[in-house]
Amino acid sequence: MIWKSHLLSMILYAIFVCVVLALIRKDEKRAQIKYALSLFLIMVLGAILFGWFMYLFL
Amino acid sequence: MVPRPKGEESEAWNRAAFDSLGQKRRVFETPSLSHNAAFLHSKDAFKVKIILDLATHFSYHVSSMKVNFEAVKSLALSWLIPGLGHVSLKKYWRGGIFFVCISAMSALGLVMGGKIYSFQTENPLTILAFFSDLGNGLLYFLSKIFSFGLGNLKSTTFEFGTAYIAGAGLLNYLVALDAFDIVLGKKK
């Protein structure tokens, strides 16, 4: 079975979502890239931070 | 019906009636009628004004129906196959990227052993999953016809696969609405 790593699966998921949302929300190429990168960082870093936050309650 | 004025007011009323038709007036009104002062004084001006009003409104509704039909067609195409609505609007690059991303998400979700939910009321939460999966359009119906996407609960990637398929469906709804808005002129 592919991608047993949840982190890798989550990063790939974030890439697809960022690309589609950037194309929908922004019209100019520069704005699209900026929006996609910021969204990607928020999704990935947010998930990692939230994961560590949940680890505190184990 | 508004009573038709008489005397000197009649001429001013006729002119105002014709001027109020705006741009559409040029389409339906012939120069010989609009520039003929004698005609503006005649009783037929009122009847012509009514006819022009009706024609204007009719053409407006027909044109708006056409726009709405085009918008709904793009929406439906985009829903059935991701990006097809944009391709039909000659936005090939954008449509292609949408197709690749959303199809890849759906395919990966299926490979990971994700489940495509049917409509059922036993577990109300799965109704939300059903509407998400329905966003995949043609893939959803194919999965029901050819019985794939049943979900592999033993797989460690089952949850992620299901999330991939649901996410692809939700993104496809947004893409379809984007194509709809482009036809209506709300977006580029």
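User: What should the 20 residues of helix H1 (residues 6–25) of chain A span at 1.5 Å a residue, and how far apart are its end C-alpha atoms?

Analyst: Some ground rules come along with that. This is a predicted model, in which local features need pLDDT of at least 70, side-chain atom pairs count only at pLDDT 80 or more, and totals for chains, interfaces and linings use all residues. Residues are numbered from 1 along each chain as its sequence is written, while chains are lettered from A and ligands numbered from 1 in the order in which they are written. Helices (H or I, at least four residues) and strands (E, at least two) are DSSP runs, numbered from the N terminus. The expected span of a helix is 1.5 Å times one less than its number of residues. For H1(A) that gives 28 Å, and its end C-alpha atoms are 28 Å apart, which agrees.

User: Which residues in H1(A) are buried, and what covers them?

Analyst: Burial is a neighbour count: a residue is buried if 20 or more other C-beta atoms lie within 10 Å of its own, exposed if 12 or fewer, and partly exposed in between, with C-beta atoms placed from the backbone. In H1(A), the buried residues are Ser9(A), Tyr13(A), Val17(A), Cys18(A), Val20(A), Ala22(A) and Leu23(A). Their cover includes helix H2 (29–55) of chain A, along with helix H7 (92–111) and helix H10 (158–184) of chain B.

User: How do the axes of H1(A) and H7(B) cross?

Analyst: Two packed helices are described by the angle between their axes and the distance between the axes. Axes are lines fitted to C-alpha atoms, for helices over the stretch in contact, and angles run from 0 to 180 degrees between N-to-C directions. The axes of H1(A) and H7(B) come within 10 Å and cross at roughly 150°. Angles under 35 degrees count as roughly parallel, over 145 as roughly antiparallel, 65 to 115 as roughly perpendicular and the rest as oblique. H1(A) and H7(B) are therefore roughly antiparallel to each other. Their crossing is left-handed (the near helix is turned anticlockwise from the far one by less than a right angle; clockwise would be right-handed).

User: Which residues meet there?

Analyst: Two residues are in contact if their C-beta atoms, placed from the backbone, lie within 7 Å. Phe16(A), Val19(A), Val20(A) and Leu23(A) in H1(A) meet residues of H7(B), including Arg94(B), Ile97(B) and Phe98(B). Ala, Val, Leu, Ile, Met, Phe, Trp, Tyr, Cys and Pro count as nonpolar, Asp, Glu, Lys and Arg as charged, and the others, Gly among them, as polar.

User: How many residues of the two chains are in contact?

Analyst: 20 residues of chain B are in contact with 14 residues of chain A. On the chain B side, H7(B) gives the most, with eight residues. That side has 13 nonpolar, four polar and three charged residues.

User: How many helices and strands does chain B have?

Analyst: Chain B has ten helices and zero strands. Of its 188 residues, 31% are buried.

User: How do the axes of H7(B) and H10(B) cross?

Analyst: They come within 7 Å and cross at roughly 155°. That makes H7(B) roughly antiparallel to H10(B). H7(B) passes H10(B) in a left-handed crossing. The residues of their contact divide into ten nonpolar, six polar and no charged.

User: What is the phi of Lys90(B)?

Analyst: Most residues other than glycine have a negative phi, and most peptide bonds are trans. Lys90(B) has a positive phi of about 65° although it is not a glycine. Lys90(B) sits in the loop between helix H6 (84–88) and H7 of chain B, and counts as exposed because it has 7 C-beta neighbours inside 10 Å. Ser147(B), also not a glycine, has a positive phi near 55°. Ser147(B) lies in the loop between helix H9 (138–145) and H10 of chain B.

User: Is Gly137(B) buried or exposed?

Analyst: Gly137(B) counts as buried because it has 22 C-beta neighbours inside 10 Å. Gly137(B) touches Trp79(B), Leu80(B), Ile81(B) and Asn172(B), not counting residues up to four places away in sequence.
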